[in-house]
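Subject: Structure for you to look through

Hello,

Here is the structure I promised to hand over, and my notes on it follow below. Please read them with the model open beside you.

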Protein chains: 2
Amino acid sequence: MNLPYHHGNLREALLARAIETLSEEGVEHLSLRGLARDLKVSHAAPLRHFPTKTDLLNAIAVEGVENLVAATDTALAHSPGPARLRAMMLAYIDWAMHNAELHRVLRNPDVMRHASDTLAEMLTAFANRQKAEISRAQEQGWRSDEDPAVLFLHLVSLTAGTAIVMTEDIYRDPVTTPETQDKIAASIDLFLGQGN
Amino acid sequence: MNLPYHHGNLREALLARAIETLSEEGVEHLSLRGLARDLKVSHAAPLRHFPTKTDLLNAIAVEGVENLVAATDTALAHSPGPARLRAMMLAYIDWAMHNAELHRVLRNPDVMRHASDTLAEMLTAFANRQKAEISRAQEQGWRSDEDPAVLFLHLVSLTAGTAIVMTEDIYRDPVTTPETQDKIAASIDLFLGQGN
DNA sequence: TATCGTATGTTGACGGTGCCTACATTCGCC
DNA sequence: GGCGAATGTAGGCACCGTCAACATACGATA
C-alpha cells in the first residue's frame with residue numbers, strides 16, 4: 001500500500017491537522033514542515049496551498065471566526081428579547097474558553113497585518129452584528145441615553161477581556177474558586193443589569 | 001579601535017536592545033542571534049546571560065511589570081479617595097497603549113509557562129494591590145453589597161480588555177473616531193459611576 | 001481517445017534560528 | 001601572583017520558512 005502521488009485534499013487535511021496541533025501544543029510549535037511530516041507528505045507540499053505560514057494562520061483564523069459566528073447564531077436563536085446581549089457575550093466567552101488557541105490566532109499580530117479580504121469582511125460583519133444588538137437593546141430601553149459607541153467599546157472590551165483573563169496565565173487568579181462560571185455571569189450582569 | 005574581549009554589561013545591553021527591537025518590529029522578529037549581531041558580539045554570547053530565549057522574554061516581562069507598577073504608583077499618588085480606582089484603571093490602559101509590545105510579551109504563553117518566581121510574585125503583588133483598592137472603595141460605599149471577587153474579575157477583564165482592544169488589530173473599529181480617549185474614560189465610568 | 005496546460009507533489013538548496021560543546025580570555029578573590 | 005569562575009568565541013546540529021527545478025496526475029478540449 002503505497003501512497004498516491006496526489007494527496008487528494010491536502011488543503012483541508014492541513015487545516016484540520018493544524019487546528020488539532022494548535023490546541024495540543026500552541027501556535028509556537030506549529031510548523032509547516034511538522035504538518036507535512038504528520039500527513040506523510042514532502043516538506044514543501046504545504047506551500048502549494050499556503051504560500052506562507054501567515055497564509056495558513058489566516059485560513060485558520062477564517063475557520064475560527066466562522067466557528068464563533070455559528071456559536072453566536074445559536075446563542076441568539078434561543079434567546080428572547082431582553083436576554084440577547086447577555087447570550088451574545090456569554091457565547092463569545094464560552095467559545096473563547098473552549099477554543100483558546102483559535103482565539104489566540106485571531107489576536108496574532110501577523111495574521112491581521114496580512115489579513116485576507118474575506119477575514120476582514122467577516123470581522124466587520126461580526127462587529128456590526130454586535131452594534132445592531134446594542135441598538136436593539138437601547139430601543140427597548142436599556143441604557144437608552146448612552147452613547148452607542150461607548151457601549152460598543154465597553155461590550156467588546158469586557159467580553160474579549162473576560163475571555164482573555166480566563167485563558168491567559170498572567171491573569172489567572174492565584175485564589176481561583178470553583179464557581180468561575182457564576183462569577184463570569186455576575187460580572188457581565190454588572191454591565192447589563194443596570195442603567196435602564 | 002578593536003573591541004574588548006568582554007563587553008562589560010552585556011546583560012543590560014541585551015535587555016535594552018531587545019526592548020527597543022520589540023517596539024520596532026514586534027516579538028516575532030526578536031532573535032538572540034540578531035541581538036548578538038546588533039551588539040557586535042558572537043552569536044552564542046547572549047546564552048551566557050539568558051540560557052534560553054524564554055529566559056530573555058521573562059526578564060523583559062519583569063522590566064515590563066516594574067514599569068507598569070511604577071505607572072500605577074504615580075497615578076495613585078496623585079489621586080484622592082474616590083478617584084483612585086479610575087486612576088488605576090486608566091493608568092493600566094495608558095501604559096499598555098504606550099507599551100503595546102511589552103504588554104504582548106506579558107501575555108505570551110511561553111513566558112508564563114516558565115515564569116520565574118520573581119515574575120510570579122510581582123504579578124500576585126500587583127493583583128493584591130488591585131484587590132486592596134477595590135475593598136477600600138467598597139468600604140467607602142462604592143458597590144458595597146457586591147462580591148469582591150466578582151468586582152475584581154470585572155475590573156481586570158475591563159482594563160486588560162480595553163487595553164487589548166485598543167492595541168490589537170482584530171478589535172480595531174473600522175469606524176474609529178478621534179475622541180478615543182473620551183470614549184475609554186466614559187466606558188470605564190459605566191463600571192465605576194454606578195452601583196454605590 | 002489523445003493531448004496539452006495546469007494543479008499538485010517531490011527534491012534539494014539557502015539562510016535563518018535556538019541551543020549545545022569545546023575552547024579562549026578576562027575578572028576577582030585568596 | 002595565581003587560580004577558579006565568569007564571560008566571550010568558534011563551530012556544529014537540527015529545525016525552520018521559503019525558493020527553484022523537476023515529476024506526476026488531473027481535466028478540459030480537439
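In this predicted model, the C-alpha centres of domain 1 of chain A and domain 2 of chain A lie 29 Å apart, where domain 1 covers residues 1–51 and domain 2 covers residues 52–192. The contact between them draws on 10 residues from domain 1 of chain A and 12 residues from domain 2 of chain A. On the domain 1 side, the largest share, 5 residues, is contributed by α1(A), and by class that side has 8 nonpolar residues and 2 polar ones, with no charged residues.

Which residues of α1(A) are buried? They are L14(A), A18(A) and L22(A), and seen down the axis of α1(A) they fall within an arc of 70 degrees, so they line one face of the helix. These buried residues pack against three helices of chain A, namely α2 (32–38), α3 (53–77) and α5 (100–107). On the other side of α1(A), by contrast, E12(A), E20(A), S23(A) and E24(A) are exposed.

Finally, if you follow the chain just past the end of α1(A), you will come to G26(A), which takes a positive phi of about 85 degrees.

Best wishes

Key. Residues are numbered from 1 along each chain as its sequence is written. Chains are lettered from A and ligands numbered from 1 in the order in which they are written. This is a predicted model: local features need pLDDT of at least 70, side-chain atom pairs count only at pLDDT 80 or more; totals for chains, interfaces and linings use all residues. A residue is buried if 20 or more other C-beta atoms lie within 10 Å of its own, exposed if 12 or fewer, and partly exposed in between; C-beta atoms are placed from the backbone. Helices (H or I, at least four residues) and strands (E, at least two) are DSSP runs, numbered from the N terminus. The arc is that of the directions from the helix axis to the C-beta atoms. Two residues are in contact if their C-beta atoms, placed from the backbone, lie within 7 Å. Domain bounds come from an automatic or database domain assignment. Ala, Val, Leu, Ile, Met, Phe, Trp, Tyr, Cys and Pro count as nonpolar, Asp, Glu, Lys and Arg as charged, and the others, Gly among them, as polar.
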